Every structure is written in C-alpha cells, then in structure tokens.
Amino acid sequence: MLPELHPGDAGALLFDWDGTLVDSQRANYVALAGALAEEGVQLDQEWFDARTGLSSAEMVRLLAREGGLTLRRPVEEIVADRDERFLRTAHEIRVHPEIEAVVSSFHGRLPMAVASGGARRVIEMTLRHLPIRHRFGTVVTRDDVERGKPAPDIFLRAAKLIGIPPNRCTVYEDSDEGIAAAQAAGMAIIDVRPLTGRPSGTSA
C-alpha cells in the first residue's frame, strides 16, 4: 500500500465508487453520452469530467438548465437509459489497484463502506464482477439519501450504519464535490487523484 493512502489512526474507511474504487470514467461518459444523444444533446467530455462528483440525474438537470434545453424524456428515463448502457459493460470495469491495496490491508481490521453518488443497482451489479465484492457489507448510494454530494448526507449515513462517529472516519475521494461532502461531514479526507491518474484540483 502506498504511504500516501494510509489512513493513520482512522476508526473507519469510506470509499467513493466511481473514479476512486473503480476506473469507470470512460464507461460512465460513453453511457451518459449515448443516453443524451437520444435527446439530440451532445455531451462534451470536458464538461462531464469536471462534474462527475454529481449523480447522473443531477448532471442531466444541470446540463439542461445551463443549455436551456427541453428534454423529450423525463430525467429519470434518461438516467435509466444511461444505467442500462453502463451495465452492458459492467464486466469490463476494474478496481484501481492502489485503492484495492488499501481495502485488502484493512479488511477485517476496520469497518469499511462504499459511499457513492451513483445508483445502488449499478454499483451492486458492477461489484459482482470484482475481487472486492465480499469486502463491503455496507453500501450507501444516492438512492438512500435526500441530497447527493456535495451535501454530506451520503457520508453521514454510511458512518451511522457502520456505527463510527464521523470525526473518526476517513474518506477516499476523487472529486471536488465528494471532498466538499466529506468536509461538511467533518471527516478526514484522502484525495486519490494524484495516485489514480487524475490531477488534483479538478472535479471527477
């Protein structure tokens, strides 16, 4: 395990999913771009890359608002289309090896949870294909809370479920929205971007 990823004296570890635990950036972009193409909307990859700390629904709403777009389908249908497209490639998603080393090192030693702005169905179905599938008994998603990141709700719920005070939790994140959420929750943060190929200081 890389020294930069060691959580110190943390009481629990919370892991973001997309871009942190798994290398899913390209697959997520292709899936959402395909769903939006059905609406006649072109998704710019730089725009997407700067906002992937948001859920798909929040991203679609923001894109429509910024562009003054009228969408043919409800946001929920566009997101369902995106999810189906993503799941066709779920078996190709891989764990970031640097983060997998952390999970392996602390499995059975510290409580751990996935805390993601993604959809539960997508995460659980992707997790089935991965070697870390048996190491997470707690998964909290955007479906489980009223507000997604950058609000702290996802992380606070994860801490509550594993029974560890927020100030004893360390969050592994790769997005500005996720880091803001962890800060709002009063948790320690390890920004994984310098170690997983995404430069710090950009959203993911």
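Select Phe 106 to begin. This is a predicted model. Phe 106 counts as buried because its relative accessibility is 5%, and buried means under 20%. The residue sits in helix α5, which covers residues 97–106.

Now show what surrounds the side chain. Setting aside residues up to four places away in sequence, Phe 106 touches Met 1, His 6, Pro 7, Leu 13 and Met 112. Pick Leu 13 from that set and draw a distance. Leu 13 and Phe 106 are 93 residues apart in sequence, yet their C-alpha atoms are 8.6 Å apart in space.

Next, go to helix α1, residues 25–37, and select Asn 28. Is Asn 28 buried or exposed? Asn 28 has a relative accessible area of 8%, so it is buried. Which residues is it in contact with, leaving aside neighbours within four places in sequence? Display Asp 18, Phe 48, Arg 82 and Phe 86 to see them.

Last stop: helix α7, residues 153–162. Colour its buried residues: Asp 153, Ile 154, Phe 155, Ala 158, Ala 159 and Ile 162. Look at their spacing along the helix. An α-helix has 3.6 residues a turn, so residues three or four places apart point the same way.

Finish by stepping just past the end of α7. Gly 163 is there, with a positive phi of about 75 degrees.

Methods: Residues are numbered from 1 along each chain as its sequence is written. This is a predicted model: local features need pLDDT of at least 70, side-chain atom pairs count only at pLDDT 80 or more; totals for chains, interfaces and linings use all residues. Side-chain values use heavy atoms; hydrogens and water are left out. Buried means under 20% relative accessible area, exposed over 50%, partly exposed in between (1.4 Å probe, protein chains only). Helices (H or I, at least four residues) and strands (E, at least two) are DSSP runs, numbered from the N terminus. Contact means heavy atoms within 4.5 Å.
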